[in-house]
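I want to write down what I look up, one topic at a time.

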Amino acid sequence: MSPNVNTASLLAERIPGHALQRDLYCSQQTFDDDLEQIFYREWLYAVPACEIPKPGNYSTLQVGAYPLVIVRGSDNQIRAFHNVCRHRGQRLCSKVTGSTPKLVCPYHQWTYDLDGKLMYARDMGEGFDAGKYKLKSVHCVNLGGMVFICLAQVPPAISDLAPTLMKYLTPSGLNEAKIAHSSTIVENGNWKLVIENNRECYHCGGAHPSLCRTYSDNPRMTAMDGPDSASPDIIDHWKRCEAAGLPSRFVNHPKMQWRLARIPLLNHAESYTLSGKAAVKDPAKRMGAMPFNDAGSLLFFHYPNTWNHFLADHAIVFRILPLTPTTTQVTTNWLVHKDAVEGVDYDLEDLTHVWIHTNDEDRQVVEENQAGILSPAYEPGPYSTIQEEGVLQFIDWYSETMTERLAPKPVAAE
């Protein structure tokens, strides 16, 4: 890899319709630029709200250099804070998830209320003003049961996504869900390769035997052009669902940063299971309210870090976080109705089999992709406009966003 990488220059040299240059997938400089210009500035999917269902429940995550904690307050509001004590910087919460009546620093027991106010700091002397030492907050919103955070001082507008996402998610009942199973793996590949792999099914037939029992590798499933532009089977599915009051038709961000669309599963399958039947057997214990069992999957992605599947019986939500230039953390949660009982209403192996295997298969694909790109012999090849339109959309969004943000800022005249 080049010792002096200039991300903006590499993006300027990019051949349209082709993969990115080697250093954009491997170099420390581009990784740092990606964090600064994207992960520290965009809204990121953090956790499903049902991961912290009760006051005092918290969840932690690491976004680049920033440790964060998300907590449900005594007023039932979900808030996010920098997971850093205002005394000497100790992490307040070291566990991935937990529950606490107050946020207490394990070092010197500075104690914060669940809304971030400093409640107790022993022996700080006369004149100490606790009001000056609230936890530093992070922008946080709960959109229909999906919690998003933003590290930017002034976050980008989310008003285009919020009402649409909540409308589409309402029938899935995420606010009445619980986590049936959670999986976190590390893929030895750049975060962009993880997203690229998700945005196409060119590889599915050869890599995903379990998934392809129910998920079509029709490229129009992964990339669609608009609310009236999709393959006939998808358009027929939209019409059927919307006639029953189920929001389904393709809707997207103008620059394709996010997209929602409901797709049919193969042969009227009900869920991502080996049998194609619903994983949650009792209709009364399925998530949300669907008009029919074969309502398919509502697909939702939001760059830079999430893709999701909302089915008629359960949901699967995915979060990625970049760790290093060539490692990415992928967290998957399987959600079921809060009253569904494992071993009674669903079998955990049946519920999780397809995507546990698909995640591991994708991990192998991404890692081999990264291993090849690390070779000095690598040259960016052309994308298939038929099979990899979704990848092109992502790479165009990434390249345009980074180019704009890395451009030299005009110097104001004195």
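The entries below go through the record, the strands, the cores, the cavities and the backbone.

**Entry 1: the model and the record**

I note before anything else that this is a predicted model. I looked up the UniProt record, an unreviewed entry, and found that it places the feature "domain: Rieske" at residues 44–149. I then checked this span in the model. Residues 44–149 are 0% helix and 42% strand.

**Entry 2**

I turned to the strands β6, β7 and β8. They form an open sheet of 3 strands in the order β6-β7-β8, and the pairing is antiparallel. Which strands stand at the edges? They are β6 (103–104) and β8, and each has a single partner strand, so one side of each is left without a neighbour in the sheet. Between β6 and β7 (residues 111–112) I found 2 bridges, with the strands running antiparallel. Leu-103 has Tyr-112 in β7 as its bridge partner.

**Entry 3: strand β15 and its two partners**

I next looked at β15, a strand with 5 of its 5 residues buried. Which way do the residues of β15 point? Thr-306, Asn-308 and Phe-310 point one way, while Trp-307 and His-309 point the other way.

I followed the pairing from β15 to β14. The two strands are antiparallel and share 5 bridges. They make a hairpin with 3 residues between them. Phe-300 stands opposite Asn-308 of β15.

I then followed the pairing from β15 to β16 (residues 315–324). These strands also run antiparallel, joined by 3 bridges. A hairpin of 4 residues links β15 to β16. Here Asn-308 has Val-317 in β16 as its bridge partner. I record Asn-308 under both pairings, with Phe-300 opposite and with Val-317 as its partner in β16.

**Entry 4: nonpolar cores**

The largest nonpolar core has 79 residues. The residues with the most contacts inside this core are Tyr-25, Val-63, Ile-70, Ile-149, Tyr-272 and Tyr-398. Which helix gives the most to this core? Helix α10 (residues 389–406) does, with 7 residues. Another core of 25 residues lies apart from the largest one, and among its residues are Ala-152, Leu-161, Leu-298 and Ala-315.

I set a general remark beside this: in soluble globular proteins, nonpolar side chains tend to be buried together.

**Entry 5: cavities**

How many cavities of 30 Å³ or more are there? I have 2. The largest cavity has a volume of about 250 Å³. It is lined by 22 residues, and the closest to its centre are Asn-198, Arg-199, Tyr-215, His-309 and Trp-355. The elements that give two or more residues to this lining are α5 (191–198), α7 (219–222), β14 (297–302), β15 (306–310) and α9 (348–373). By residue class, the lining of the largest cavity has 10 nonpolar, 8 polar and 4 charged residues.

The second largest cavity holds about 60 Å³ of space. Its lining is made by Glu-187, Val-194, Asn-197, Asn-198, Trp-307, Val-330, Asn-359, Asp-362 and Val-366. The elements giving two or more residues to this lining are α5 and α9. The lining of the second largest cavity divides into 4 nonpolar, 3 polar and 2 charged residues.

I went back to β15 with these lists. His-309 is among the residues closest to the centre of the largest cavity, and Trp-307 lines the second largest cavity. His-309 and Trp-307 point one way from β15.

**Entry 6: backbone details**

Is the peptide bond from Tyr-303 to Pro-304 cis or trans? This bond is cis, with omega near 20 degrees. Pro-304 sits in the loop between β14 and β15.

I then looked up two positive phi values. Asp-123 has phi near 55 degrees, and its place is the loop between β8 (118–120) and β9 (137–143). Met-256 has phi near 65 degrees and lies in the loop between β12 (251–252) and β13 (258–263).

Are these two residues buried or exposed? Asp-123 counts as exposed because its relative accessibility is 68%, over the 50% cut-off. Met-256 counts as buried because its relative accessibility is 13%, under the 20% cut-off.

Note on methods:
Residues numbered from 1 in each chain as written. Predicted model: local features only at pLDDT ≥ 70, side-chain atom pairs only at ≥ 80, totals over all residues. Heavy atoms only, no water. 1 Å grid on protein atoms, 1.4 Å probe; cavity = no way out; pocket = protein on both sides within 12 Å on 5 of 7 lines; lining within 4 Å. Points joined across faces, edges and corners; volume = space filled by probe spheres on them. Nonpolar A, V, L, I, M, F, W, Y, C, P; charged D, E, K, R; others polar. Buried < 20%, exposed > 50% of the residue type's maximum accessible area, 1.4 Å probe, protein only. Core = buried A, V, L, I, M, F, W, Y, C linked by side-chain atoms within 4.5 Å. UniProt positions renumbered as here; feature names shortened; annotations may be inferred. Pairing = 2+ DSSP bridges.
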